[in-house]
Amino acid sequence: MTAKIIDGKAIAAEIREDVAAGVEELVKAGGPRPGLATVLVGENPASQTYVRMKHKACLEVGIESFGTELPADASQEQVEKVVSELNKDPKVHGILVQLPLPAGLDEESVLRAISIEKDVDGFHPINIGRLAQKGREPIFVPCTPAGCIVLLKKAGAPLEGSRAVIVGRSNIVGMPAALLLVKENATITICHSRTQDLPGVCREGDILIAAIGQPEMIRGDWIKPGAYVIDVGVNRVDDPTKKRGYRLVGDVAFDEAVEVAEAITPVPGGVGPMTIAGLLKNTLRSAQRADQ
Ligand code: NAP
């Protein structure tokens with residue numbers, strides 16, 4: 001059996017097209033042009049790249065973008081003052097503080113300072129809290145885990161009543177992915193570094209989400225035959241055959257998993273493109289809400 005490859009790049013491109021059409025429609029109807037503000041603290045090269053990619057993606061769909069850069073030694077007050085000004089700016093519908101913040105800054109306090117109406121990353125404690133509560137809905141849902149659910153649905157995974165195993169319990173991926181799957185009526189097991197018999201637990205999953213950050217840790221024989229596998233991991237491994245000296249791999253040993261799973265996301269080209277597409281979608285929705 002060879003798994004169906006879930007093409008996140010193509011699915012994300014469809015979402016971006018829908019967002020571009022939505023932006024045009026909103027502006028034509030006299031509504032505001034959606035605006036996304038990024039806040040980058042320090043000079044982490046990966047964070048700089050992510051922020052650049054987000055600005056480029058905004059431009060492509062007609063969303064205005066604004067960038068604030070602060071030095072690595074910016075104080076808590078300085079960062080929160082920037083956020084507070086963006087909260088008041090009517091041209092800004094989404095605020096994205098690029099994580100991780102430099103050591104010494106209180107991440108939770110900064111995220112809490114973002115207006116929940118503009119929390120397009122979905123990391124505000126109130127949005128996460130609502131995600132965790134029955135009968136409550138967050139205004140925005142974190143983009144990467146939301147992308148995982150979209151990919152599962154597009155692949156035809158039956159979520160309701162399924163056993164879903166999530167490896168990783170981070171605030172940005174594993175935990176919100178688990179909360180979203182509960183809302184989809186799946187039965188969840190959350191694994192982490194202290195889980196015993198991880199291969200055995202993974203094999204119970206009709207759905208397996210890997211958000212670990214360990215290259216190709218999940219082997220083919222950890223996967224239940226016919227499972228739907230979402231690989232969130234993005235890891236660099238040395239590869240002298242590549243010009244840049246490395247290649248990207250996921251947390252799942254793809255070549256083995258593809259022989260066992262019903263469907264699987266590749267790395268790159270799986271979950272990655274869904275994250276930015278989700279951010280654009282949330283920013284448009286925020287502008288639409290502001291227009292109501
Ligand atoms: P993280 O905050 O480092 O969390 C990793 C999780 O994996 C933790 O819960 C950790 O357990 C668990 N873990 C680590 N080693 C393990 C092991 N040997 N066995 C079992 N569990 C283990 O990472 P993250 O931010 O969630 O990111 C996870 C991966 O996704 C990374 O590769 C990251 O680059 C990627 N990512 C991709 C996107 C995208 O857009 N595609 C977005 C975000 C992240 P403990 O809690 O016990 O420490």
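A: A backbone N or O atom of H192 lies 3.4 Å from a nitrogen atom of the ligand. That is a polar contact, a pair of N or O atoms within 3.5 Å; within protein, one must be able to donate a hydrogen and the other to accept it, and residues adjacent in sequence count only if both atoms are side-chain atoms. The model is predicted: local features need pLDDT of at least 70, side-chain atom pairs count only at pLDDT 80 or more, and totals for chains, interfaces and linings use all residues. Residues are numbered from 1 along each chain as its sequence is written, and side-chain values use heavy atoms, with hydrogens and water left out.

For V234, a backbone N or O atom sits 3.0 Å from an oxygen atom of the ligand. For S170, an N or O atom of the side chain is 2.5 Å from a ligand oxygen atom. The protein covers 69% of the ligand's accessible area, which is 930 Å² for the ligand on its own (Shrake-Rupley method, 1.4 Å probe; for residues, only the protein chains shown count as cover).

Now the shell. There are 21 residues around the ligand, each with a heavy atom within 4 Å of it. R169, S170, S193, V234 and T275 come nearest. By class, the shell has 9 nonpolar, 11 polar and 1 charged residues. Here Ala, Val, Leu, Ile, Met, Phe, Trp, Tyr, Cys and Pro count as nonpolar, Asp, Glu, Lys and Arg as charged, and the others, Gly among them, as polar.
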